[in-house]
Amino acid sequence: MPLPSLSSFFLGFVAGCLTIILLLAIAAVSLTRSGDIYGLGHWKLNIRTPFPSMWMNLGFWTRDDGTAIQHFDEAARNMLRQLLQAAGLLSNSSSSSSSSSSSSSSSSVAVLDVGFGCGDQTVALAELINASTRPQFRYVGLTLNATQLQEAQQRLDAALSHSTQDPSSSSSSSTTTTTTTTSLNLPKASSFQLYQADAAQPTSWPPTVLSSVTSLADASFSERWLMGLDCLYHFSPSRKPILTLAARTLHANVMAFDLILSDSASFWQTLAVRILGFVLLCPWRTFLTEREYREQLVECGYDREQIEIRDVSDHVFGGLAGHLRKQDAVLRPYGISLTAYALVGRVYEWFDRTRVLKGVVVIGRVKRKSQ
Ligand SMILES: C[S@@+](CC[C@H](N)C(=O)[O-])C[C@H]1O[C@@H](n2cnc3c(N)ncnc32)[C@H](O)[C@@H]1O
C-alpha cells in the first residue's frame with residue numbers, strides 16, 4: 001500500500017481541525033438559540049458609584065437597645081461609636097443614652113487615626129463627636145494603601161461639599177449609615193489631613209507627615225487621641241513605635257478595637273492563631289494576652305491605673321459570621337461568589353465558639369499634670 005505523502009497528511013490534519021471547530025461553533029450557536037441569553041448579570045450596569053459606604057471593620061452587631069444589627073455599614077459605624085463612647089468623646093446628640101459619659105463638646109480635639117480605611121470613618125468620627133461645634137478640631141489619618149487613600153479623599157471631599165459647616169444648624173448625625181448626599185455638619189476641609197504612610201514605623205515618615213502628626217501635640221487641644229480601629233494587629237514590627245510616639249511625643253490617649261489572645265488558649269490553638277496572623281501578613285507574635293497587652297501599653301507610656309480593656313466578642317464574631325453567610329446566599333443568584341470571605345467567616349465562627357481570640361475595646365490614658 002502506498003504511504004500518503006507529507007502534503008496530503010498535512011491537508012487531512014487541517015481538514016480535521018476545521019471540522020472540529022465547525023462542530024463546536026454549531027453546538028455553541030444552537031445552545032444560545034435554545035437557551036436564554038438573559039439572566040442577572042446586568043447588575044453591573046445598574047450599580048452606581050461611589051458606593052454608599054466602604055467600611056471594612058469587623059463591626060459591633062448589637063444596638064444599645066440590645067437589638068441585632070442586620071447591615072454591615074451600620075455595624076461597622078457602630079464599632080466606631082463604641083470606641084468614641086468608651087473614650088468619652090461621643091457628643092450628647094450622638095449618644096442614645098443621656099446618662100452615658102461624654103466629654104464636653106466645648107473641648108478641642110486632635111485625632112491621629114491610623115488605618116482609617118476608605119473615608120467613612122473620617123466623616124463619621126467628625127459627625128459623632130460634633131467636631132464642627134468644637135473650638136478646634138484637627139484630624140490626621142494615615143493609611144498604608146494608596147487606593148484606599150484616594151477613595152477616602154474622594155469620600156471626604158464629597159461629604160465636605162455637602163456640609164453646611166454651620167455650627168448653629170441642627171446636627172444631621174445619625175446612628176445608622178452615612179451617605180454623601182445627606183447634608184452634614186462638618187468642620188472646614190483644612191481640619192482633615194490624610195496621608196499614605198506606614199503608621200507602624202514613624203521613622204519612615206516623610207517630613208510633611210511627621211510635622212502634620214506632631215502638630216497634634218499642640219497643648220490647645222485638651223483631648224488628644226490615637227485611634228486604631230481594627231488595624232493595630234497588622235502593625236509590623238509591633239504596635240510599640242506608634243503607641244510610644246502617641247504617649248510620649250503627642251501626650252495622646254489611645255482608643256482601639258483590637259484582637260487579644262485568650263489566657264486559656266492551648267498550644268495548638270495558639271499555633272493556629274499565629275499561622276492565621278502570618279497568612280494575614282501580621283507579625284508572628286502580634287496577638288498578646290490581656291496581661292501582655294497591658295504591660296505593652298505601660299511600657300509605651302500609658303498609665304497602668306487608667307487602662308480599660310473590654311471584651312466585646314459577643315457583639316462581634318457571631319454577627320459578622322452570620323452576615324457573611326447571608327450575603328453569600330443573597331449574592332449567589334447574581335453570580336457573585338464570596339468564596340474568600342466565606343472562608344474567613346468560618347474562622348470567625350471558630351473565634352465565636354472558642355474565644356481563642358477576643359475582640360476588645362481598649363482605652364489607655366497618659367498621666368496628665370491636670371489629672
Ligand atoms: C480592617 S481595615 C480597617 C479600616 C477602617 N478602620 C475601617 O474600620 O473601615 C485595616 C486597615 O489598616 C490599614 N493598615 C494596616 N497596616 C497599616 C500600617 N502599618 N499603617 C497604616 N495603615 C495600615 C489597612 O490598609 C486597612 O485599611
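## Ligand contacts

How far is a nitrogen atom of the ligand from a polar backbone atom of leucine 144? In this predicted model, the separation between a ligand nitrogen atom and a polar backbone atom of leucine 144 is 3.2 Å. A nitrogen atom of the ligand also lies 2.9 Å from a polar backbone atom of glycine 115, and a nitrogen atom of the ligand is found 3.0 Å from a polar backbone atom of leucine 229. The ligand taken alone exposes 600 Å², of which the protein buries 91%.

The ligand is surrounded by 20 residues, and the closest of these are Asn57, Gly115, Gln121, Gln148 and Asp198. By residue class, the shell around the ligand consists of 11 nonpolar, seven polar and two charged residues.

## Helix α3

Helix α3 covers residues 72-87, a run of 16 residues, and spans 23 Å from its first C-alpha to its last, which is close to the 22 Å expected at 1.5 Å a residue. Of the 16 residues of α3, 14 are buried, and the helix is therefore largely enclosed by the rest of the structure. Glycine 88 follows α3 and has a positive phi, near 75°.

## Aromatic pairs

The structure contains 10 aromatic pairs. One of them joins phenylalanine 267 and tryptophan 268, whose ring centres are 5.0 Å apart and whose planes meet at 80°; because an angle over 60 degrees counts as edge-to-face, the pair is assigned to that class. Both phenylalanine 267 and tryptophan 268 are exposed.

Phenylalanine 317 and phenylalanine 351 also form an edge-to-face pair, with 5.4 Å from centre to centre and 70° between the planes. Phenylalanine 317 belongs to helix α10 (residues 317-331) and phenylalanine 351 to helix α11 (residues 339-354), so this pair ties together parts that lie 34 residues apart in sequence. Phenylalanine 317 has a relative accessibility of 0% and therefore counts as buried, and phenylalanine 351, with a relative accessible area of 2%, is buried as well. These two phenylalanines belong to one aromatic cluster, formed by Phe317, Tyr348, Trp350 and Phe351.

Methods:
Residues are numbered from 1 along each chain as its sequence is written. This is a predicted model: local features need pLDDT of at least 70, side-chain atom pairs count only at pLDDT 80 or more; totals for chains, interfaces and linings use all residues. Side-chain values use heavy atoms; hydrogens and water are left out. Helices (H or I, at least four residues) and strands (E, at least two) are DSSP runs, numbered from the N terminus. The expected span of a helix is 1.5 Å times one less than its number of residues. Buried means under 20% relative accessible area, exposed over 50%, partly exposed in between (1.4 Å probe, protein chains only). A residue is near a molecule or strand if one of its heavy atoms lies within 4 Å of it. A polar contact is a pair of N or O atoms within 3.5 Å; within protein, one must be able to donate a hydrogen and the other to accept it, and residues adjacent in sequence count only if both atoms are side-chain atoms. Accessible areas come from the Shrake-Rupley method with a 1.4 Å probe; for residues, only the protein chains shown count as cover. Ala, Val, Leu, Ile, Met, Phe, Trp, Tyr, Cys and Pro count as nonpolar, Asp, Glu, Lys and Arg as charged, and the others, Gly among them, as polar. Rings of Phe, Tyr and Trp (its six-membered ring) pair if their centres lie within 6.5 Å; planes under 30 degrees apart count as stacked, over 60 as edge-to-face and the rest as tilted.
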